[in-house]
Amino acid sequence: MHSGWTFRNKEHTEHIFLTPRLLIKNSDAMLDATLQGVGIALIPTFIANSYLADGSLLEVLPEWKFENPFPRQAYIITLPQKLLPLKTKVFIEDFMQWLKKREN
């Protein structure tokens, strides 16, 4: 069941109910459909950036932030050893700080 999209703009929140023509759960397939003109899509920035840069995609509602119903999760998997190399520990700490800054 599709419940729509929720957007925030400073202190305003808007929930938009949609009747989609197509529901896709794969970002690459969603990108292909959007590039073919099927409609608008919520595509991760790391996938859309190059298409935005070359004009193949256009950003709509840039002043609004989409509220993701799925919390951002990151997993770090290391080898089962007791001592991690210092560079690995530093990377993990820096990456976690970077994620925290992006969530605000």
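Reader: How do you know whether Trp-5 is buried or exposed?

Author: The model is a predicted one, and in it Trp-5 has a relative accessible area of 15%. Buried means under 20%, so Trp-5 is called buried.

Reader: What makes the pair of Trp-5 and Phe-66 edge-to-face?

Author: A pair of aromatic rings is described by the distance of the centres and the angle of the planes. By this rule the count comes to five aromatic pairs. For Trp-5 and Phe-66 the ring centres are 6.4 Å apart, and the planes stand at 80 degrees. Centres must lie within 6.5 Å for a pair, and planes over 60 degrees apart count as edge-to-face, so the pair of Trp-5 and Phe-66 receives that name. Since Trp-5 lies in strand E1 and Phe-66 in strand E3, the pair ties together parts that are 61 residues apart in sequence. Trp-5, Phe-7 and Phe-66 form one aromatic cluster.

Reader: What makes the pair of Phe-91 and Phe-95 stacked?

Author: The centres of the rings of Phe-91 and Phe-95 are 5.8 Å apart, with the planes at 15 degrees; planes under 30 degrees apart count as stacked, so that is the label for this pair. Both residues lie in helix H3, four residues apart, which is about one turn of the helix. Phe-91, at 52% relative accessibility, counts as exposed, because the cut-off for that class is over 50%, whereas Phe-95, with a relative accessible area of 27%, is partly exposed.

Reader: How do you know that E1 is largely enclosed by the rest of the structure?

Author: E1 has five residues, and four of the five are buried, so the strand is largely enclosed by the rest of the structure. For the protein chain as a whole, buried residues make up 14% of the 104 residues.

Reader: Why are E2 and E3 called edge strands?

Author: The open sheet has three strands in the order E2-E1-E3, with antiparallel pairing, and the edge strands E2 (12–16) and E3 (65–66) each pair on one side only. Five bridges join E1 to E2, while E1 (residues 5–9) and E3 pair over two bridges; two strands pair if there are at least two bridges between them, so the pairing with E3 qualifies. The bridge partners of Arg-8 are Thr-13 in E2 and Lys-65 in E3, and Phe-7 has Phe-66 as its bridge partner in E3. E1 and E2 form a hairpin with two residues between them, and Lys-10 in the turn has a positive phi of about 55 degrees.

Reader: How do you know whether Val-60 is buried or exposed?

Author: Val-60 has a relative accessible area of 51%, and exposed means over 50%, so Val-60 is exposed. This residue is found in the loop between helix H2 (45–53) and E3, and together with Ile-40 and Leu-61 it makes a nonpolar surface patch of about 290 Å².

Reader: Why does Thr-88 count as partly exposed?

Author: Thr-88, which lies in helix H3 (residues 86–103), has 25% relative accessibility; buried would require under 20% and exposed over 50%, so Thr-88 counts as partly exposed.

Notes. Residues numbered from 1 in each chain as written. Predicted model: local features only at pLDDT ≥ 70, side-chain atom pairs only at ≥ 80, totals over all residues. Heavy atoms only, no water. Patch = residues over 30% accessible without salt bridge, like charges linked within 9 Å, V, L, I, M, F, W, Y side chains within 5 Å. Areas by Shrake-Rupley, 256 points an atom, 1.4 Å probe, with all protein chains shown as cover. Salt bridge = Lys/Arg side-chain N within 4 Å of Asp/Glu carboxyl O. Buried < 20%, exposed > 50% of the residue type's maximum accessible area, 1.4 Å probe, protein only. Phe/Tyr/Trp six-rings, centres within 6.5 Å; stacked < 30°, edge-to-face > 60°.
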